[in-house]
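Please take me through this structure one feature at a time, giving the general idea and then the case at hand.

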Amino acid sequence: MDETSDEPPTSAVLLDNCHFSQVIFNNVDKFYVPGGDITCYYTLTQNIVPRGKDWVGIFRVGWKTTREYYTFMWAPLPSDARSDTAVQQQIQFKGLLCLSEAYYLPKDDEYYQFCYVDQDGVVRGASVPFQFRAETEDDILVVTTQGEVEEVELQNKNLRKENEELKANCASLEKQNINLEKELNKMQELQNSLESLRSNTEKLELELNSLKKENKQLKELDDCREAELHQLKEQIQNVTSDKERLETRLKTALDHMDQLQSQVLNYEKEVENLSLMDRDKTEQLESLKEENRQLRAIGTQQQQNHDLMKELEEQKRLFQILQAKKNEANEENQKRREDELLRHLAQAEEVSSFSVASQAQAPIPSPEVGRFLFGNPYCAAGAKLGAGAADLVSIRKCPTCDEVFPEDSETSQYEAPVQSHVLKCPVCSEIFEKSNKQVFDDHVFCHGLE
């Protein structure tokens, strides 16, 4: 076995308690060349978690515990330590050809196998057996005699017998070991019981000493109690005499209490009368408060009426001012309308200038004076236009933005842009231009005051 300063962790766990399926060895040859390097390939399944002190050892077939390793190498930790996937690993045992290595390999022709041992000394996997022997180019035919065969069979038979005896001895030793462990456990239990008995005995002795002390104290207390009892008897006699004296005083106090109770009854009757008088006064006070509240409400109402009258007079004054502004705005609008009509008539005269010949033949209509209060101020211009009035009717033009509409346009197309430039009172339907928005608002406000 290899003797190194850094021994691997081993244990005396028997072969039956090992788990050989957690590490699987791959590509194990039937034999390896003695003195050469050996590469061991193995797979770590997801059932094992590799640790830093795990190792791979070479064991002779028939080993019982992990202490029987021949040589070993520390198992490297995988780069991917995830436990949910299998990891392929390899390790190389150096032979005698590498002098710098302290490990060495067997040189006999016995059967060996690789074993993966964790840092607790438990085997987690084992390979198939293999041998160390030199390579041969051709197979050698070995010829043996019948006597040699019988001798080999006899040796095998003896070896089997020895193996069975060893197994029986091992089983008996295991049984003895189990029995010894049971006896050891019993002895340990007895030892624990003895220790507990000793501790209980010490406790009892301490309790006994404490009880003796308590008994002595109780005796001393008993003597003290007798003296106290004598004193209590004397006190009882004194209390009895005090009781008789107090009973006399109590009788006198009860008589005085009866007198006080009669006085209390008289006082209660007087208080009841005073309560009735107080209730009447309270009702009178409440009625006076109600009258005072009504008077205050009347005064507040009169003040409100006075404020409303002032506000009404202010509203009337504002209405008169707004009415004056409205009249001024109406006069200004009337003047603006007359200017607009003159401008439209001038434009109509320009439009009808190309039809002067036809105007001379057409009859001149008489001015409708009845439509104006002081006559038509533009009758002269109408006389000059003559028959051109027919052409003026056929041309439609917005009086605000001067937009001209064709003759064949509908009335709604002409009225829509014209109405968009004016504001119409919702009460009296009076028309205002959009530029006079303030005058329009004052006009509507005056309707609200009426």
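Q: What should I keep in mind about the origin of the model, and how many helices and strands does the protein chain have?
A: The model is predicted, and its protein chain has six helices and 13 strands. Of the 450 residues of this chain, 19% count as buried, while the accessible surface comes to about 34,400 Å², of which 54% belongs to carbon and sulfur atoms.

Q: What share of the contacts in the protein chain with a separation of 6 or more comes from residues 24 or more positions apart?
A: Such pairs account for 62% of those contacts.

Q: Which residues have the most contacts inside the largest nonpolar core?
A: A nonpolar core is a set of buried residues of nonpolar kinds joined through side-chain atoms within 4.5 Å. Here the largest one has 23 residues, and those with the most contacts inside it are Phe-25, Tyr-42, Val-56, Phe-93, Phe-114 and Tyr-116. The elements that give two or more residues to this core are the strands S1, S3, S4, S5, S6 and S7, with the largest share, four residues, coming from S3. A second, separate core of eight residues includes Trp-63, Tyr-69, Cys-115 and Val-117.

Q: What does Phe-114 touch, leaving aside residues up to four places away in sequence?
A: Its partners include Phe-25 and Phe-93, and also Val-28, Tyr-32, Ile-38, Cys-40 and Phe-130.

Q: Does Gln-131 count as buried or exposed, and what does Gln-131 touch?
A: Gln-131, whose place is in strand S9 (residues 131–132), counts as buried because its relative accessibility is 15%, and buried means under 20%. Beyond residues up to four places away in sequence, Gln-131 touches Lys-30, Phe-31, Tyr-32, Asp-109, Glu-110 and Tyr-111.

Q: Which residues make the nonpolar surface patch of about 280 Å²?
A: The patch is made by Leu-250, Leu-254 and Met-257. Of these, Leu-254 lies in helix H1, which spans residues 146–351, and Leu-254 counts as partly exposed because its relative accessibility is 42%, a value in the range between the buried limit of 20% and the exposed limit of 50%.

How values were computed:
Residues numbered from 1 in each chain as written. Predicted model: local features only at pLDDT ≥ 70, side-chain atom pairs only at ≥ 80, totals over all residues. Heavy atoms only, no water. Patch = residues over 30% accessible without salt bridge, like charges linked within 9 Å, V, L, I, M, F, W, Y side chains within 5 Å. Areas by Shrake-Rupley, 256 points an atom, 1.4 Å probe, with all protein chains shown as cover. Salt bridge = Lys/Arg side-chain N within 4 Å of Asp/Glu carboxyl O. Buried < 20%, exposed > 50% of the residue type's maximum accessible area, 1.4 Å probe, protein only. Contact = heavy atoms within 4.5 Å.
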